[in-house]
Amino acid sequence: MRPTSTHPLIPGADPYSHVGSRTGVLLCHGFTGSPYSMRPWAEYLAESGLTVELPRLPGHGTTWQDMATTGSDDWYAAVEAALLDLSARCEEVYVMGLSMGGALSLRLAQENPDVVRGVVLVNPSLTVEDHRLPFIAPIRHLAARFLPSTPGVGSDVALEPAGEGGYDRVPTAAAATLPKLWREVQGGMSGLRAPILAYRSAQDHVVGPESLRILARRAINTRLTIHLLHDSYHVATLDHDAATIFEGSLAFVRELSRSEEGADR
C-alpha cells in the first residue's frame, strides 16, 4: 500500500459520497485534476435521489510530487474498488468520467460488464492529443530524474474564473503511464456492452477529436450517442454547458433504468 500523503488537500479536492436510491453512480475525475471538477455534477445527481461516489484518485488533489509516485494502475485500482463497493450496495451502477476519467470509466465497463449498466463520458482522453504532455521516457525513474515535471494542462474552462482544483505542473513519471491505460481501453473496445453517452466540446484545448473517433470506430457492440457542446472548453463539467451534461446524464440513467424494469416484467 502506498503511504498516505501528509500534504494538505487543495481546497475543494475532497472526495464526495451520498447515499440515495438503489441506483448508484461512480464519477471519475481527470488527470492532474480532483473531485473539484466533478463536485457540481455529483451533487446534482445526489439531489436527484441517486447514490453517488466521487473518489479522489491516488496522488491527486494535493501536490504534483505526490502524483509522481503513482500511475495509471493505481488510478484504475482505486476506481474499480469504488465500483465494486458501490455495486454491493446498489441494484444498478453507472460510471461517468471526465477526460482521463472517461478512459477509466470505459475500462471499468470493459472489465466489469455485469456491473456497469451505462457510461457517460465528457471529453474522454483515449490517445495522446495534447503534445505538451511529456511521453518522452519509457522508464519512469529516468523521466523523474531528468524532467520531473512540465507545465500543467488543466483549467481549460471558458467560464471565468477558470479553475478545476488541479495541478499547475504535470509529473512526468505519472504521465508516462497514460499510454498503457489508453492501449488497454482501445484494445477492449469491442467488448463494450453498456450503452454510452458522450459529450464533446467543439473547443477543447487538451483533448482533440481523435479520441471519440476511436470510440466510434471500435465500440461496435453497443449503443453510442455523441452530443456536441458549443459553449465549453475541456472541463465542461464546470463550464457553460454543465447543466446540459448533468440533465442529460440523469435522463440517460432514468431511460436505462426504465428499460431494465420493462425487461424484468
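This is a predicted model: local features need pLDDT of at least 70, side-chain atom pairs count only at pLDDT 80 or more; totals for chains, interfaces and linings use all residues.
## A first walk through the chain

Helix α1 is followed by G49, a residue with a positive phi near 105 degrees.

**The overall picture**

The chain holds 9 helices and 9 strands. Of its 265 residues, 54% count as buried. Contacts between residues at least 6 apart in sequence tell us about the fold: 77% of them join residues at least 24 apart.

You can find T32 in the loop between β2 (23-28) and α1. With 3% relative accessibility, T32 counts as buried.

**Helix α4 and its two partners**

Now turn to helix α4, residues 100-111. Helix α3, residues 72-89, packs against α4 at an angle of about 55 degrees, and the two axes lie 10 Å apart. That angle makes α3 oblique to α4. The crossing in which α3 passes α4 is right-handed. From α3, the residues W75, Y76, V79, E80 and L83 take part, and they meet M100, L104, R107, L108 and E111 of α4. By class, this contact of α3 with α4 has 7 nonpolar residues, 3 charged ones and no polar ones.

The other partner to look at is helix α7, residues 178-187. The axes of α4 and α7 come within 9 Å and cross at roughly 45 degrees, and α4 and α7 are therefore oblique to each other. Which hand does the crossing of α4 and α7 have? It is left-handed. On the α4 side, the contact is made by M100, A103, L104, L106, R107 and Q110. On the α7 side, L178, L181, W182, E184 and V185 contribute. Sorted by class, the contact of α4 with α7 has 8 nonpolar, 1 polar and 2 charged residues.

Next, find L228 in strand β9, which covers residues 224-229. Is L228 buried or partly exposed? At 49% relative accessibility, L228 counts as partly exposed. Leaving aside residues up to four places away in sequence, L228 touches R200, S201 and A202. The C-alpha atoms of L228 and Q203 are separated by 9.9 Å, and these two residues are 25 apart along the chain.

One of the residues that L228 touches is R200, which sits in strand β8, residues 196-201. R200 is buried, with a relative accessible area of 13%. Not counting residues up to four places away in sequence, R200 touches N123, V207, G208, P209, L212, H227, L228 and L229.

N123, named among those contacts of R200, belongs to the loop between β5 (116-122) and α5 (140-146). N123 is another residue other than glycine with a positive phi, near 45 degrees. N123 is also buried, with a relative accessible area of 2%.

**A buried residue in a loop**

Beyond β9, V235 lies in the loop between that strand and α9 (242-264). V235 is buried, with a relative accessible area of 1%. How many residues separate V235 and S155 in sequence? They are 80 residues apart, while in space they are 6.9 Å apart, C-alpha to C-alpha.

**Single residues side by side**

Here are the residues visited above, with their accessibility.

| Residue | Relative accessibility | Class |
|---|---|---|
| T32 | 3% | buried |
| N123 | 2% | buried |
| R200 | 13% | buried |
| L228 | 49% | partly exposed |
| V235 | 1% | buried |

Note on methods: Residues are numbered from 1 along each chain as its sequence is written. Side-chain values use heavy atoms; hydrogens and water are left out. Helices (H or I, at least four residues) and strands (E, at least two) are DSSP runs, numbered from the N terminus. Axes are lines fitted to C-alpha atoms, for helices over the stretch in contact, and angles run from 0 to 180 degrees between N-to-C directions. Angles under 35 degrees count as roughly parallel, over 145 as roughly antiparallel, 65 to 115 as roughly perpendicular and the rest as oblique. A crossing is left-handed if the near helix is turned anticlockwise from the far one by less than a right angle, and right-handed if clockwise. Contact means heavy atoms within 4.5 Å. Ala, Val, Leu, Ile, Met, Phe, Trp, Tyr, Cys and Pro count as nonpolar, Asp, Glu, Lys and Arg as charged, and the others, Gly among them, as polar. Buried means under 20% relative accessible area, exposed over 50%, partly exposed in between (1.4 Å probe, protein chains only).
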